[in-house]
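Thanks for making time this morning.

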Amino acid sequence: MERGKLIVERVEGKSTLTRCFSKYPFKFIVPKKVAFSILFRLKIVSPFSNIVSFQHQVGSSQTDAVWIYTITYGGGIVSGDSIAFDVTVADGCNAVLTTQSSTKVYKSIESKCSEQVLEASIGQDALLVVIPDPVTCFSTARYSQTQNFKLVTDSSLLLVDWITSGRHERGEKWAFSHYKSTNRILLQPTQPLFLDTILLEQGSHGSIADRMNDYQAIAMIVLLGPKLKHIQNQIEEDVRKIMSQRPSISSSKPNFIASCSRFGPKGMGVVIRVASTTTEAIYNFLQHQLATMEELLGAPPYR
Amino acid sequence: MEGLGDANARCLSTSFPQLWSQWQLLDSILPTGGFAHSFGLEAAMQARLVTTTDELKTYVIHVLENVGSLLLPFICATTMSPDAQTWHSLDRLLNAMLTNEVGRKASTAQGSALMRVAASVFSEIPCLKMMRGEALGSGDVYFHHAPVFGLVCGLLGFDPETTQKAYMFVTMRDIISAATRLNLLGPLGAAVLQHQVAPVAESLSTKWMNRGVDEACQTCPLLDTVQGCHSYLFSRLFCS
C-alpha cells in the first residue's frame, strides 16, 4: 500500500515543501498564512493588505519553517483505518507537523485496531517539530501509533506525544481497550538513542483507570539537538521549580506532575513526562515552555 | 566471539548444587545495594499517591506489571544466551529504553554491584570475572541490572522461566522492604503483604515472560513520571 510522503528541501534559501502526497483516510493541509499571522499580531497589516510589500519590514528572515497539518476525513480515525507516511527534512530545513484538533479514535468494530505510522528522516542542521493535539480514544477503541525518527549528529527534533482519558463529558475515562504508542529515535546509521513504547490495555489486575490514578491526560515531550538547546535548559529549570514548589506538608495529590530527564550520550536529549488532571493544564504548560520557538517557526507551537 | 562461546560452554558447571546458589542470589543479604532503591515509592509517597497499605499493594502490583512488560524480555534473552555479545547489545538497547534518568542510574548501580558480587562469589564460573573485566575495560557497557541478572542466572544454569520469576520476586521483595523503611508498614505487615501479592506476581510473570525485546514496553507511564521526580525531593532516604 502506498504511503503518504512529505519532503521539505531548501529552495532559494528557504525551507520548501517539494513533495506532498496523501491519500484517504488522511490528507495534508499546508497553509501559506504563517507569515500573515505574525503580521496581524504585530498590527502591521490588516487582513486586506498586500503581504508582498511588508515582507522586508517585518524581519521575517528569522522565520523559516514549513507547517503541515495532518487532517482526517470525518474528524477522526475510524476502526481499522491505517495512516502511514514518510517525512524527509533535508539539510538545513525546518518543518512542523501538527493537527487541527485532537485526534479522535472511534470505537473498535470487530476488535479491529487503527494505526498511524510515521517514518521521519532529519538531515544535518535540520529541525522537525511534531506538535499535535492529543489523541483521544473513545470507549472500546483500539489504536496503535509508531513514530521512527532517523537523525544525524546535528539534527534537531521536538516531539510532543500525548493522550487524554477520552470523552470526559460522556463519563469516558480511560475506557478504550488498547492504546500503544512507540517512539524510536535513532542516530544514523543504527545507534538507538531513545526507544519508548507505552502500552495501555485493560488488564486482569486493574483497569487502565487504576493505573492512571485520577490523572486524565499524560504527555511526553522530547527535545533533542542544537536548535533546541536553549529550551532544554529552560524547561529543566522550570520543571524543577514547578515540582519543588509543592509544600511538603501537603495532604493531597498534585493536579500536575512533571519530571525531566536527560538521555543519550553526554545527556544530549531531554525528555519530559507529564501527568495532569486536566488537558488544559498540559496545553498551558506546552504553550509556555515552547513559546520561544515562535521566532524560528513563525508561530508559537501551542496557543 | 566464537572463542568466548566455547569458553562459556566450559564455564557452565553442571555438578555444583544449583539450589544453594539460587537461594543465595535471591537472598536480600547478598550485597548488591538493592536496599538503596525504592522503585519510585519514595517519590510516590511524597506526592501523596501512596499513603495507605492498600495503595501500597496497588503500587507494588503496578511496578511488577511494568517490570514484567519492560524488563522480563531482557532477562529472558540474556538467560538464554549468556554470552558477552548478547549481553552488550541488550545492555545498550535497554539503556535507550530506560528513559527516566533516576531509574536508569539505579539500574546501572544495581547491575554493576551484582556483576561485581557474582564475579567474586561464583568463582567456579571464571568467565564472569573475565566478562566483567572486559566490559569495564571497554567503557561502553552500562551494566544495567536486568541483563546482568539474566546473564548471571544463565551462566549458573538456571532456566529462563525460573530466572524471570526470580527477577519479579527480588523486585517485589525490594519495594516492600523500602516500604517498611519509609514507615508505611511494619516488618510483619510487610511479610503478610508479600505473601498476598505473590499470586499476582506469579500471574504477571506468566503473562509477560518469554517475549522478545522488540515487544518491551511500559504499561504504567505514571510510574516513570513519578520516579523521575525523585531528584526534586527535598529530603530523601533512597537513591531512586
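Let me begin with a definition: on a 1 Å grid over the protein atoms alone, a cavity is a set of points where a 1.4 Å probe fits but cannot get out, whereas a pocket is an open set with protein on both sides within 12 Å along at least five of seven lines, and lining residues are those with an atom within 4 Å of a point. Grid points are joined across faces, edges and corners, and the volume is the space filled by probe spheres set on the points. By this rule there are five cavities of 30 Å³ or more.

Before going further, please keep in mind that this is a predicted model, in which local features need pLDDT of at least 70 and side-chain atom pairs count only at pLDDT 80 or more, while totals for chains, interfaces and linings use all residues. Residues are numbered from 1 along each chain as its sequence is written, chains are lettered from A and ligands numbered from 1 in the order in which they are written, and side-chain values use heavy atoms, with hydrogens and water left out.

The largest cavity holds about 480 Å³ of space. It is lined by 28 residues, and those closest to its centre are Phe39(B), Leu71(B), Leu98(B), Gly103(B) and Gln227(B). By class, the lining has 13 nonpolar, 12 polar and three charged residues, where Ala, Val, Leu, Ile, Met, Phe, Trp, Tyr, Cys and Pro count as nonpolar, Asp, Glu, Lys and Arg as charged, and the others, Gly among them, as polar.

How many of the residues of helix 8 are buried? The count is 11 of the 11, across residues 145-155, so the helix is largely enclosed by the rest of the structure; buried means under 20% relative accessible area, exposed over 50%, and partly exposed in between, with a 1.4 Å probe and protein chains only. The buried residues include His145(B), Phe149(B) and Cys153(B). Just after this helix, Gly157(B) takes a positive phi of about 90 degrees.

The second largest cavity has a volume of about 130 Å³. Of its 15 lining residues, Asp161(A), Ile198(A), Ile218(A), Ala219(A) and Met220(A) are the closest to its centre. The lining divides into nine nonpolar, three polar and three charged residues.

Turning to the interface, 39 residues of chain A are in contact with 31 residues of chain B, contact meaning heavy atoms within 4.5 Å. The area buried between the two chains is about 3000 Å², with 59% of it from carbon and sulfur atoms; buried area is the accessible area, again with a 1.4 Å probe, that two parts lose on being put together, summed over both. Arg48(B), Leu222(B) and Tyr232(B) supply 23% of the area that chain B buries against chain A, more than any other three residues.

Chain A has five helices and 18 strands, and 54% of its 303 residues count as buried. Among its contacts between residues at least 6 apart in sequence, 75% join residues at least 24 apart.

Now for the single residues. Thr146(A) is found in strand 12 (residues 142-151) of chain A and is buried at 18% relative accessibility; leaving aside neighbours within four places in sequence, its contacts include Gln116(A) and Arg184(A). Gln116(A) is also one of the residues that lie nearest the centre of the second largest pocket, a space of about 440 Å³.

Thr72(A), in strand 4 (residues 66-72), is likewise buried, with a relative accessible area of 18%. Trp20(B), by contrast, lies in helix 2 (residues 18-26) of chain B and is exposed at 58% relative accessibility.

Technical notes
Helices (H or I, at least four residues) and strands (E, at least two) are DSSP runs, numbered from the N terminus.
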